[in-house]
Amino acid sequence: MSRAPATSTDEQKRAGLLRLLAPEPTERQAAHEIYAEDAVLEFPQSGERFVGRRNFQEWRTQYPSEVQFEVRRLVGGGDLWVTEVSASYDGGEPQYGVSVHEFRDERVVRETIYVAPGWGAPAWRARWREA
């Protein structure tokens, strides 16, 4: 399956998604412009659902921890984008996450975030692992 060349719209979406994970909290706050006013943000693991850009932008300003993100991979095109990240809270061990972003036109209308802690690789699989 071949991929179509990236469009300027795709490049703008990529840049906007990367801003959401920028090292500077003020940059991340400004990046909320990528969301539609009626966007939905869900965390399936906690059962939480937030509706409206202003609603989840506000709770993010009140977040009780300092969060540092590392973008491990960002892929997508058109109306569907996936971001793989690791996030460290107050300098702690990283949590690993995947965000699925669904666009309508130029704005994110739905984001679903999955998060999990890291774990040690089991010894029994060692012989098949890449060194």
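# Briefing on a predicted α/β chain

In the hairpin of β1 and β2, four residues lie between the strands, and G47 takes a positive phi near 75°. Helices (H or I, at least four residues) and strands (E, at least two) are DSSP runs, numbered from the N terminus. This is a predicted model, in which local features need pLDDT of at least 70 and side-chain atom pairs count only at pLDDT 80 or more, while totals for chains, interfaces and linings use all residues. Residues are numbered from 1 along each chain as its sequence is written, and side-chain values use heavy atoms, with hydrogens and water left out.

**Overall layout**

- The protein chain has three helices and six strands, in the order α-α-β-β-α-β-β-β-β from the N terminus.
- Along the principal axes, the C-alpha atoms of the protein chain fill a box of roughly 50 × 45 × 30 Å.
- Of the 131 residues of the protein chain, 31% count as buried (under 20% relative accessible area; exposed is over 50% and partly exposed in between, with a 1.4 Å probe and protein chains only).
- Among contacts (heavy atoms within 4.5 Å) with a separation of 6 or more, 37% are between residues 24 or more positions apart.

**Pairing of β1 and β2**

- β1 and β2 (residues 48-51) run antiparallel and are joined by four bridges; two strands pair if DSSP finds at least two bridges between them.
- V40 has V51 of β2 as its bridge partner.

**Nonpolar core**

- The largest nonpolar core has 15 residues, of which L17, I34 and Y35 touch the most other members. Such a core is a set of buried Ala, Val, Leu, Ile, Met, Phe, Trp, Tyr and Cys residues joined through side-chain atoms within 4.5 Å.
- α1 (8-20), β1 (35-43) and β6 (107-117) each supply at least two residues of this core, and β1 has the largest share with four residues.
- Beyond its neighbours within four places in sequence, I34 is in contact with K13, G16, L17, L20, F103, E106, R107 and V108.

- V85 is in strand β4 (residues 80-89) and is buried, with a relative accessible area of 10%.
- Not counting residues up to four places away in sequence, V85 touches L21, E70, V71, R72, Q95, Y96 and G97.
- V85 and V98 are 13 residues apart in sequence, and their C-alpha atoms are 6.3 Å apart in space.
- T83 is also found in β4 and counts as buried at 3% relative accessibility.
- With residues up to four places away in sequence left out, T83 touches L21, V71, R73, L74, G97, V98, S99 and H101.

**Largest pocket**

- The volume of the largest pocket is about 690 Å³. A pocket is an open set of points on a 1 Å grid over the protein atoms alone, where a 1.4 Å probe fits, with protein on both sides within 12 Å along at least five of seven lines. Grid points are joined across faces, edges and corners, and the volume is the space filled by probe spheres set on the points.
- Of the 29 lining residues, R28, R60, Y63, V67 and F69 are the closest to the pocket centre; lining residues have an atom within 4 Å of a point.
- β5 gives the most to the lining, with five residues.
- The lining divides into 16 nonpolar, nine polar and four charged residues (Ala, Val, Leu, Ile, Met, Phe, Trp, Tyr, Cys and Pro count as nonpolar, Asp, Glu, Lys and Arg as charged, and the others, Gly among them, as polar).

**After β6**

- W119 lies in the segment after β6 and is exposed, with a relative accessible area of 70%.
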